[in-house]
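Visitor: Hi! Could you walk me through this one?
Guide: Happy to, here it is.

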Amino acid sequence: MKILTGNDLKSGAVVWWTGYDWSIHVEDAVDVGDQADAILQREEGARRVNASYAIDAEPDGERGVRPAHIKDRIRALGPTVRPDLTLKPADPNAGNWVI
Amino acid sequence: MYRYDQYDQAMVDTRVAEFRDQTRRRLEGKLTEDQFKPLRLQNGLYLQLHAYMLRVAVPYGTLNSAQMHVLANIADKYDRGYGHFTTRQNIQYNWIKLEDAPDILADLAAVEMHAIQTSGNCIRNISSDQFAGAAGDELIDPRPYAELLRQWSSFHPEFLTLPRKFKICVIASETDRAAMKLHDIGIRIVKNAAGEIGAAFYVGGGMGRTPMIAPLIRDFVPLDQLITYSEACLRVYNRYGRRDNKYKARIKILVHELGKEEYTRQVEEEFAHLLTQGIEPPIAELERIKAHFTDPAFDQGASDDLDLSDPAFALWVARNTVAHKQPGYVIANISLKPVGGIPGDASAAQIHLMADLAKEYSFDELRVTHAQNIVLPHVKKADLHTLWQKLDAAGLGAANLDTVEDIIACPGLDYCSLANARSIPVAQKISQRFAANGKTGELGELKLKISGCINACGHHHAGHIGILGVDKKGLENYQLLLGGCEGDDTSLGKITGPGFTEDGIVDAVEKATEVYLAERAEGERFLDTYRRIGMEKFKEAIYA
């Protein structure tokens, strides 16, 4: 599946395209099929997202979506060396999802 | 240390106002990202893996307590409670909001700091010896010349769009503690046979994907021609440096391709021309700057006695303090490398504490080192035990300077959008491994440096042991290098062979140290043994 990611213009936070908005949770990301370029052009123009791009991902059971590359999984969760700063600080297994 | 005059302050304040307006226009949609990106980068604001990252300049690594407190306040107020001291003697924050950036720059300007020229193809923050003004082996204090170069290079209209970024280092000691020959220009202040003081110029060094050691192009430039000669070096580079390929755009490539002799010939020709133009700053300006770098009011009767009956304190003194030029004082190094910690990271509380301790025990002065540690340059021996106790209580008492635990590591894939592999977890595992096996002390001086990509922010080429993270078919992989050195006998590390997994590289490092312990001759460091016996025995052990 193809999903879209970028950084929120104001906060810089990593965000994922949900089909109608941007979410900080990768599990909200939807498959955009062949619509990536059109959506990215529209959203960058609307100043909602910055440095956006399309990536490969795969469905991931209860967790929803897992980006194909480790860089995007680290973006999705947060730095592996600071679990307290990730989106899932209480989940001891979150790091395993990244690696 | 240097204090801004009205021109410095006006320049920085004006820049803050400009950037506030530029940011407003970006948020209102009046600037596109393509238009805004170079503007934010000129103010140190990158877009990194998780958020915007702000890199703040610490000119030649020197700062005072008030400035350090502001760095801590920024960590608390605008970031997530910590800052990361970098391998360029700067500090960076990883979780900055664009809308906060102008306010942060205003806070910095209020204490004579900024983020100018911490990014982009310009002359970057000037680096220097972290022991400047305190070291016993120093000819003169290099910082007035670093400051002169800072003022010359700040907003220099000719050098704001160089082919690529440009890094200058100035030292004035017998021992190179600043990796001088691995800079675009390395300047060593020297004395010639006539007893005159001048500057030796090494040009065309650097790390990155094509590491090179800078050759000496002139062994003596009179100090009253320092800026003119620097300008000549830059002019030739700006004129002929490659702009068609960013990977071949650094001055090291130009010097290499032209050859040292031809590059030098062109510089000398340009230098002769520039001497007729009278571009050197007036002596009065240099004297004004020098007046800011006089020695603090040392206690001339300070005792050299030190009670080393506490073994933990004695170990810290042995490893983390360096002789001072003034009797009764030492240079104290605060390691930001606790076992299992993140190299270079310090919490806001720790930064505040270091600021307070500098105020109380080090004449209000601190230094940031390229090894990602902090220095209190002027500590009275009589205060040292109290200082150490306060550091230790705050998790800043690690006694491991220049040991295998004192690892330089770039932010790597945990934070950096350029990285191919994580650096920090490898550093953490190595420091934990050696803390557990108890060999840190036995190994002595062993400089280990880790980069998460070929850009080499972690200086892996210059590590006695270097580690380079690469992407191997989507998986992190780590190459091992041996034999690098950043000091007087600068050398570049050589790759041992095939790379390793994250755990495998930790085992490989330990095996390399076992070879050293088995093979070393009396008094040899790891590097010395490697240079004597070569790579083969290390490879046999590592790949067995």
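Guide: Let's start with a helix pair: B:Leu254, B:Val255 and B:Leu258 in H7(B) meet B:Lys260, B:Glu262 and B:Tyr263 in H8(B). Contact means that C-beta atoms, placed from the backbone, lie within 7 Å. Helices (H or I, at least four residues) and strands (E, at least two) are DSSP runs, numbered from the N terminus.

Visitor: Before we go on, what should I know about the model and its labels?
Guide: This is a predicted model, where local features need pLDDT of at least 70 and side-chain atom pairs count only at pLDDT 80 or more, while totals for chains, interfaces and linings use all residues. Residues are numbered from 1 along each chain as its sequence is written, and chains are lettered from A and ligands numbered from 1 in the order in which they are written.

Visitor: Thanks! At what angle do H7(B) and H8(B) pack?
Guide: About 110°, with the axes 5 Å apart. The axes are lines fitted to C-alpha atoms, for helices over the stretch in contact, and angles run from 0 to 180 degrees between N-to-C directions. H7(B) and H8(B) are therefore roughly perpendicular to each other. The cut-offs are under 35 degrees for roughly parallel, over 145 for roughly antiparallel, 65 to 115 for roughly perpendicular, and oblique for the rest.

Visitor: What about H5(B) and H9(B), what is their angle?
Guide: Helix H5 (residues 143-153) and helix H9 (residues 283-290) of chain B pack at about 125°, with their axes 9 Å apart. That pair is therefore oblique. B:Pro144, B:Glu147 and B:Leu148 of H5(B) make the contact with B:Leu286, B:Ile289 and B:Lys290 of H9(B). By class, this contact has four nonpolar, no polar and two charged residues. Here Ala, Val, Leu, Ile, Met, Phe, Trp, Tyr, Cys and Pro count as nonpolar, Asp, Glu, Lys and Arg as charged, and the others, Gly among them, as polar.

Visitor: How many residues of H5(B) are buried?
Guide: Ten of the eleven, so H5(B) is largely enclosed by the rest of the structure. Buried means 20 or more other C-beta atoms within 10 Å of a residue's own, exposed means 12 or fewer, and partly exposed is in between, with C-beta atoms placed from the backbone. The cover over those buried residues includes strands E3, E6, E7 and E8 and helices H6 and H9 of chain B.

Visitor: And which strands make up the open sheet?
Guide: There are five, in the order E6-E7-E8-E9-E10 (chain B), with mixed pairing. Two strands pair if DSSP finds at least two bridges between them. Seven bridges join E8(B) to E9(B), which run antiparallel. H6(B) lies across E8, E9 and E10 of chain B, at about 10° to E9(B).

Visitor: New topic: is B:Arg124 buried or exposed?
Guide: B:Arg124 is buried, with 22 other C-beta atoms within 10 Å. You'll find B:Arg124 in the loop between H4 and E6 of chain B. Not counting residues up to four places away in sequence, B:Arg124 touches B:Arg88, B:Gln117, B:Thr118, B:Lys165, B:Phe166 and B:Lys167.

Visitor: Last one! How many residues does each chain bring to the contact between A and B?
Guide: Chain B brings 23 residues and chain A brings 20 residues. Helix H13 (residues 424-437) gives the most to chain B's side, with three residues.

Note on methods. Contact = placed C-beta atoms within 7 Å.
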